[in-house]
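Subject: Structure handover

Hello,

Here is the structure I promised you. Please open it and keep it beside this message while you read.

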Amino acid sequence: MTTLTPQKPAIPQPGGDVTPAPEPRPAAPEPRPAQDPAWRELVDAVREAGQYPTRSEAESVTRVVLSALGGHVVGDERVDLARALPEEAARVVASQIPATRSLTAAEFVDSVAARIEGATPATARWDVSSVLSVLPSLVGDELVTRILDQLPPGYALLFGRAELTPAA
């Protein structure tokens, strides 16, 4: 006869044997707010640029936009971007699987709108610009130029730059 402890329910097995239930897995840790001062500065800059009423809203928008951008910046530019960003932002960018096709700037904005509850193309454009326009002062104009060279036309305005086309 098998004796079981009450803490571990039995799982009947074929043939009449009884084995204890597996130990429950610990719950996944809940995301905690980043304590990195550089991350806080980035979020505060986005909050100011986008005039968001709360830090939480600015942080959420920052994560969504950087996540979307992370899938579209590849190669050395992606590595350099991650190195230049605060640790938490770098994780958001680097954790994205590269996109299988380039999105136009409008499609990129639409993809961000789809990730933010209640967003419209106009509010998503505001959100994207609020995040991307603070990047040049953080990561440098040279890196932003390299990133823009990699992306389809139309992204410069999202980064707060004029998009100049060469004369014919």
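**Ser67 and its helix**

Ser67 has its place in helix H2. Before going on, note that this is a predicted model. Is Ser67 buried or exposed? Ser67 counts as buried because its relative accessibility is 13%, and the cut-off for buried is under 20%. Its side chain also has a partner: a polar contact of 3.0 Å joins Ser67 to the side chain of Arg115. Leaving out residues up to four places away in sequence, Ser67 touches Val92, Gln96 and Arg115.

Now look at H2 as a whole. H2 has 16 residues, so at 1.5 Å a residue it should span 22 Å. The C-alpha atoms at its ends are 22 Å apart, which agrees. Ser67 is one of the buried residues of H2. Others on that list include Ala58, Glu59, Val61, Thr62, Val64 and Val65. The list also includes Leu66, Ala68, Leu69 and Gly70. What do these buried residues pack against? They pack against H1, helix H3 (75-84), helix H4 (87-94), H5, H6 and H7.

**Val43 in H1**

Next, go to helix H1, residues 37-50, and find Val43 there. Val43 has a relative accessible area of 0%, so it is buried. Which residues does Val43 contact, leaving aside neighbours within four places in sequence? They are Arg55, Ala58, Glu59 and Thr62. Ala58, Glu59 and Thr62 are also among the buried residues of H2. Val43 and Ser56 are 13 residues apart along the chain, and their C-alpha atoms are separated by 8.8 Å.

Helix H6 covers residues 121-132.

Take the pair H2 and H6. Their axes are 9 Å apart, and the packing angle is about 85 degrees. H2 is therefore roughly perpendicular to H6. On the H2 side, the contact uses Val61, Thr62, Val65, Leu66 and Leu69. On the H6 side, it uses Asp127, Val128, Val131 and Leu132. By class, the contact of H2 with H6 has seven nonpolar residues, one polar and one charged.

Then take H5 and H6. Here the angle is about 100 degrees, with the axes 8 Å apart. So H5 is roughly perpendicular to H6. H5 contributes Phe108, Val109, Asp110, Val112 and Ala113. H6 contributes Pro121, Ala124, Arg125, Val128 and Leu132. The contact of H5 with H6 divides into eight nonpolar, no polar and two charged residues.

**The whole protein**

Now zoom out. How many helices and strands does the protein have? There are eight helices and two strands. Along the sequence, the pattern reads β-β-α-α-α-α-α-α-α-α. The protein has 168 residues, and 36% of them count as buried. Last, consider contacts with a separation of 6 or more: 58% of these join residues 24 or more positions apart.

Best wishes

Technical notes
Residues are numbered from 1 along each chain as its sequence is written. This is a predicted model: local features need pLDDT of at least 70, side-chain atom pairs count only at pLDDT 80 or more; totals for chains, interfaces and linings use all residues. Side-chain values use heavy atoms; hydrogens and water are left out. Helices (H or I, at least four residues) and strands (E, at least two) are DSSP runs, numbered from the N terminus. Buried means under 20% relative accessible area, exposed over 50%, partly exposed in between (1.4 Å probe, protein chains only). Contact means heavy atoms within 4.5 Å. The expected span of a helix is 1.5 Å times one less than its number of residues. A polar contact is a pair of N or O atoms within 3.5 Å; within protein, one must be able to donate a hydrogen and the other to accept it, and residues adjacent in sequence count only if both atoms are side-chain atoms. Axes are lines fitted to C-alpha atoms, for helices over the stretch in contact, and angles run from 0 to 180 degrees between N-to-C directions. Angles under 35 degrees count as roughly parallel, over 145 as roughly antiparallel, 65 to 115 as roughly perpendicular and the rest as oblique. Ala, Val, Leu, Ile, Met, Phe, Trp, Tyr, Cys and Pro count as nonpolar, Asp, Glu, Lys and Arg as charged, and the others, Gly among them, as polar.
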